[in-house]
Amino acid sequence: MKPLTPHHNISKTLRQLAEGQQRQNQHPPRILVLYGSLRPESFSRKQALEAATILADFGAEVRVYDPAGLPVFDHTSTDHPKVRELRELASWSEGMVWSSPEIHGNLSSVFKNQIDWIPLTLNSVRPTQGKTLAVMQVSGGSQSFNAVNALRILGRWMRMFTIPNQSSVPMAWQQFNEDGSMKDSSYRDRVVDVMEELFRITLLMRNHGDLLTFRFSENKEFYAAEGNSMTDNHDTTEAKVSCCG
């Protein structure tokens, strides 16, 4: 017996995408911003707040999570207020911005602790799957990309769509004004570029998440039933996909 393969074609997929576009939400894109330091003068926090301000100027609804008080991940403290807040924000969001300092050639433990508290599945819903993600880092010395590369791995593991652009700010202590805003520079220009790309891609993708993440390996019974229906009706182009409506 031939192994099962899902039935896809161009016209059907374009129709599904068009149906998603017809359901286009009119509310502002909902973006959650996470940063990876507890220091009052944290540069990853300043970078995150700069990104949040830019996104808000674009018209997004932005929430910035403060990791202070979040317990160290232990699998059990799920009723802690900071854990509940983080999980609710993750479920609320349609996209995220992650900003971490680079420490010992990698992202910070403060940042990783936040991601550890966001489960892949929460009440039968995957709170991060199919959502957009922008990654950024700050460094105390020369420019590096170790933290953003590690953040990309995390984003893939959380089943998120990480945009191609990214920001890495070297010698961060030189790049911010006294009020915490970024100085006018090529590094700020890159942050604007990244937020611009995130804003646009989130608007494009947020109504298609169910379709884009509907995996064959997790829905073989659905595809088998769909194949039988098409065989019975001798229809190879107009099969209905009800999974994503």
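**Pockets and a helix**

Visitor: How much volume does the second largest pocket have?
Guide: In this predicted model, its volume comes to about 160 Å³.

Visitor: What makes a residue count as lining the second largest pocket, and which ones lie closest to its centre?
Guide: A lining residue needs an atom within 4 Å of a pocket point. There are 14 of those here, and Ser 37, Arg 39, Phe 43, Pro 101 and Val 138 are the closest to the centre. By class, the lining splits into five nonpolar, seven polar and two charged residues.

Visitor: And what's the volume of the largest pocket?
Guide: That one has about 530 Å³. Its lining takes 24 residues, with Arg 126, Gln 129, Gly 209, Asp 210 and Thr 213 nearest the centre. Helices H3 (81-92), H6 (186-205) and H7 (209-212) each give two or more residues to that lining. The class tally is six nonpolar, 11 polar and seven charged.

Visitor: How do you know that the span of helix H2 agrees with its number of residues?
Guide: H2 covers residues 43-58, which is 16 residues. At 1.5 Å a residue it should span 22 Å, and its end C-alpha atoms sit 23 Å apart, so the two agree.

Definitions and conventions: Residues numbered from 1 in each chain as written. Predicted model: local features only at pLDDT ≥ 70, side-chain atom pairs only at ≥ 80, totals over all residues. Heavy atoms only, no water. 1 Å grid on protein atoms, 1.4 Å probe; cavity = no way out; pocket = protein on both sides within 12 Å on 5 of 7 lines; lining within 4 Å. Points joined across faces, edges and corners; volume = space filled by probe spheres on them. Helix = DSSP H or I, 4+ residues; strand = E, 2+ residues; numbered from the N terminus. Nonpolar A, V, L, I, M, F, W, Y, C, P; charged D, E, K, R; others polar. Expected span 1.5 Å × (residues − 1).
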